[in-house]
Every structure is written in structure tokens, then in C-alpha cells.
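Please read the points alongside the sequence and the 3D view.

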Amino acid sequence: PVLDTEDAWVSVEGPVSIVELALEQKRIHYPLVEHQFVLCTTLYAIMRFSLKSVKPLSLFDSKGKNAFFKDLTSIQLLPSGDMDPNVLSIRQQFLVKVVSAAVQTLCSSQKASEVSEEELFPFEKGKNWPTLAVDLAQYLQISEDVVKRHYVCELYSYGMDHLGEE
């Protein structure tokens with residue numbers, strides 16, 4: 001971008017402006033940032049729902065694991081469309097666990113009416129974990145329909161029929 005400056009500012013001495021510093025930065029490789037976002041969201045879901053049997057790095061193949069330790073400005077080879085069926089199975093199991101834990105948390109918070117989930121976790125107000133799991137399914141190359149169907153089944157199994165119908 002072209003930055004027009006007035007003549008009065010040209011002769012000013014001092015530290016470099018933040019705009020000039022920002023323009024000098026290398027551009028990031030956005031798919032690598034998305035890849036990091038998937039890992040962060042995965043780790044947060046594991047922490048939030050206390051999923052003890054999940055190994056976060058097992059959700060990624062060797063290219064995906066190597067990409068985590070590279071500079072965000074470097075262009076890395078990210079996982080392609082061809083995935084190992086074992087990794088896809090592990091990813092699907094993870095998303096199913098997240099949806100199940102989210103529904104269980106929703107039902108338990110509604111039963112314990114004296115303390116709402118918003119009071120326990122105010123920073124998560126409005127966060128819809130099943131929707132987030134469906135979004136993660138796109139990144140993890142899992143069919144969104146599988147996650148949605150599991151969500152509906154979980155709602156029915158916990159007696160939340162009115163939500164399951166929606």
C-alpha cells in the first residue's frame with residue numbers, strides 16, 4: 001500500500017512508526033495458520049471436556065505434525081486430500097467424543113438449574129460446541145453429516161427431543 005504523508009511529518013525524527021514496521025513484516029501462509037487453529041481448537045476441546053483418552057497429535061499425519069513446528073511465514077506442505085483411513089477414523093472418533101461431551105454438559109447444566117453453564121464458564125457464552133465440531137469436520141476431512149447425525153442421536157438419547165427435531 002502507498003502511504004501518503006504530509007511534508008511536516010517527513011522531517012520528524014524518532015522511532016519507526018508501527019505502520020512501517022507492519023509493512024516490513026513477511027506475509028504469513030494462511031493455510032498454516034488454519035492448521036494451527038485446528039490444533040488449538042482440538043486442544044481446547046480436550047481440556048474443556050476432560051477427554052482423557054485423546055492424543056491430539058494422533059489426529060494429524062506426518063506432514064501435518066511437521067508443519068506445527070515451522071515458521072508461519074514459510075510455505076509448508078500440508079496434508080493433501082489423500083488421508084490414511086486410520087487417521088480419518090481417529091478424527092471421526094474424536095469429533096464424536098466432543099459432540100457427546102457437549103450434549104452431556106448441556107444436559108447436566110440444565111438439570112442443575114441453580115448454577116448455569118454461563119456462570120461457570122463466562123468466556124464461553126454463546127459457544128456452540130456441536131457447531132464447532134461440524135466446522136472442524138471440514139478441516140479434518142470428515143463428513144459433516146456423520147457429526148450432525150451423532151449430535152441428533154445424542155440429543156434424543158438424553159431426552160432433548162425438542163432440540164433433536166430442530
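1. Helices here are DSSP runs of H or I with at least four residues, and strands are runs of E with at least two; both are numbered from the N terminus. Read along the sequence on that basis, the protein chain gives α-α-α-α-α-α-α-α-α. The count is nine helices and zero strands.

2. Keep in mind that this is a predicted model. The mean pLDDT of the protein chain is 83, and 86% of the residues reach at least 70. Where is confidence lowest, and where highest? Helix α6, residues 117–120, has the lowest mean, at 51. Helix α3 has the highest, at 92.

3. Now the chain as a whole. It has 166 residues, and 30% of them are buried. Its exposed surface comes to about 11,400 Å². Carbon and sulfur atoms supply 56% of that area. Take the contacts with a separation of 6 or more: 72% of them join residues 24 or more positions apart.

4. Look next at helix α3, residues 30–49. It has 20 residues, so at 1.5 Å a residue it should span 28 Å. The C-alpha atoms at its ends are 28 Å apart, which agrees. Buried residues in α3 include L32, H35, V38 and L39. T41, T42, A45, I46, R48 and F49 are buried there as well. Just after α3 comes S50, with a positive phi of about 50°.

5. Helix α7 covers residues 129–139. Which of its residues are buried? They are W129, P130, L132, A133, V134, L136 and A137. Q141 follows α7, and its phi is positive too, near 60°.

6. Turn to the surface. L3, I18, V19 and L23 form a nonpolar patch there. Together these residues have about 390 Å² of accessible area. V19 sits in helix α2, residues 18–24. Its relative accessible area is 41%, so V19 counts as partly exposed, between the cut-offs of 20% and 50%.

7. Last, helix α9, residues 161–165, which holds E165. Is E165 buried or exposed? Its relative accessibility is 61%, so E165 counts as exposed; the cut-off is over 50%. E165 and L155 lie 10 residues apart in sequence. In space, their C-alpha atoms are 9.1 Å apart.

Technical notes. Residues are numbered from 1 along each chain as its sequence is written. This is a predicted model: local features need pLDDT of at least 70, side-chain atom pairs count only at pLDDT 80 or more; totals for chains, interfaces and linings use all residues. Side-chain values use heavy atoms; hydrogens and water are left out. The expected span of a helix is 1.5 Å times one less than its number of residues. Buried means under 20% relative accessible area, exposed over 50%, partly exposed in between (1.4 Å probe, protein chains only). Contact means heavy atoms within 4.5 Å. Accessible areas come from the Shrake-Rupley method with a 1.4 Å probe; for residues, only the protein chains shown count as cover. pLDDT is the predictor's confidence in each residue, from 0 to 100. Patches are made of residues with over 30% relative accessible area and no salt bridge: like charges are joined within 9 Å, nonpolar side chains (Val, Leu, Ile, Met, Phe, Trp, Tyr) within 5 Å. A salt bridge is a side-chain nitrogen of Lys or Arg within 4 Å of a carboxyl oxygen of Asp or Glu.
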